[in-house]
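User: I've got this one open on my screen and I'd like to talk it through. Can you take my questions one at a time?

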Amino acid sequence: MNKGLNSWNHKHATRHFIVQRITAILNIPLSIFLLYLIFNLPTMTYNNIIDLFQKPLVTILTIFLILNFSFHMKLGMQTVIEDYVHDKKNFKIASLLNNLVASIVIIGSTYSIVVIFLMD
Amino acid sequence: MNNPISPHLSIYKFKINMMMSIAHRITGGAMYFAMLLLFIFLLALSFGGGFYNVFSILLSTWIGNFILVGITWALFHHMLGGIRHIIWDNVKGFDLNTIDLLASASLIGGIILTILFWVSYIIFNGLF
């Protein structure tokens, strides 16, 4: 346990709190959209699913869902890391991994959504 | 030694609100990995029908179904728990009775919403 541990986050604590709440509230309608997808996609064929994801509204909602969920989960995991990882080096590695996972999910998913949108 | 560290969990008497606090973290953590599944789903869709079929077949196994039901439960539970936190953020519901009531409501509500979701899924879409 080192002096000044986690200090880089103290400056951002208020922003963390606010973004956590904003994404939390926006996650409620986006979750309903996700539940709509979970309810309907299993009985749809591949072509029907592609048609659905090529509707501009669905494309925009899916990108927004990915962004909002990813930011919320990143902040949540950051809090868990701050609570349980006390070694400074491990803390930095865990935080870096957390950012990496969120970035991969955001970039990879958005790329896939754009590819699907541009399909014939 | 700057950070305050919580005493070991075992010294606490079991309480529903403590359990729901832990469950909020566990369901949040579970959905962290569920996001990877959503990412793989979109990736499979973009790769083509063959890849999507593999994804679809894997999810239709009983393990896949178990994971999917688990994710919806985690989503409902975490959502209700989150609403509880938003109520607290507005400096409401801090008396002990309300705390216990909200904790029980989010536990039972999450289970009921999950059952309602999958029962209506079976009614509309059939079992297979």
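User: What share of the 120 residues in chain A is buried?

Analyst: This is a predicted model, where local features need pLDDT of at least 70, side-chain atom pairs count only at pLDDT 80 or more, and totals for chains, interfaces and linings use all residues. Residues are numbered from 1 along each chain as its sequence is written, with chains lettered from A and ligands numbered from 1 in the order in which they are written. A residue is buried if 20 or more other C-beta atoms, placed from the backbone, lie within 10 Å of its own, exposed if 12 or fewer, and partly exposed in between. For the 120 residues of chain A, the buried share is 19%.

User: What radius of gyration does chain A have, next to a compact globule of 120 residues?

Analyst: Chain A has five helices and zero strands (DSSP runs numbered from the N terminus: H or I of at least four residues for helices, E of at least two for strands). Its C-alpha atoms fill a box of roughly 55 × 25 × 20 Å along the principal axes. The radius of gyration is taken over C-alpha atoms, and the globule rule is 2.2 Å times the number of residues to the power 0.38. That rule puts a compact globule near 14 Å, but chain A has 18 Å.

User: Which element gives the most to the side of chain B that touches chain A?

Analyst: Two residues are in contact if their C-beta atoms, placed from the backbone, lie within 7 Å. On that basis, 26 residues of chain B are in contact with 32 residues of chain A. The elements giving two or more residues to chain B's side are α1 (16–47), α2 (49–59), α3 (62–89) and α4 (96–125) of chain B. The top contributor, with 12 residues, is α1(B).

User: Is B:His78 buried or exposed?

Analyst: The UniProt annotation "binding site", from an unreviewed entry, covers B:His78; such annotations may be inferred rather than shown by experiment. B:His78 is found in helix α3 of chain B, and leaving out residues up to four places away in sequence, B:His78 touches B:His24, B:Thr27, B:Gly28 and B:Met31. Because B:His78 has 26 C-beta neighbours inside 10 Å, it counts as buried.

User: How about B:Val91, buried or exposed?

Analyst: B:Val91 lies in the loop between α3 and α4 of chain B. Its phi is positive, about 50°, although B:Val91 is not a glycine. With 7 C-beta neighbours inside 10 Å, B:Val91 counts as exposed.

User: What do the buried residues of α4(B) pack against?

Analyst: Those buried residues are B:Leu102, B:Ala103, B:Ser106, B:Gly110 and B:Tyr121. After α4(B) comes B:Gly126, with a positive phi near 85°. The buried residues of α4(B) pack against α1 and α3 of chain B together with α2 (13–40) of chain A.
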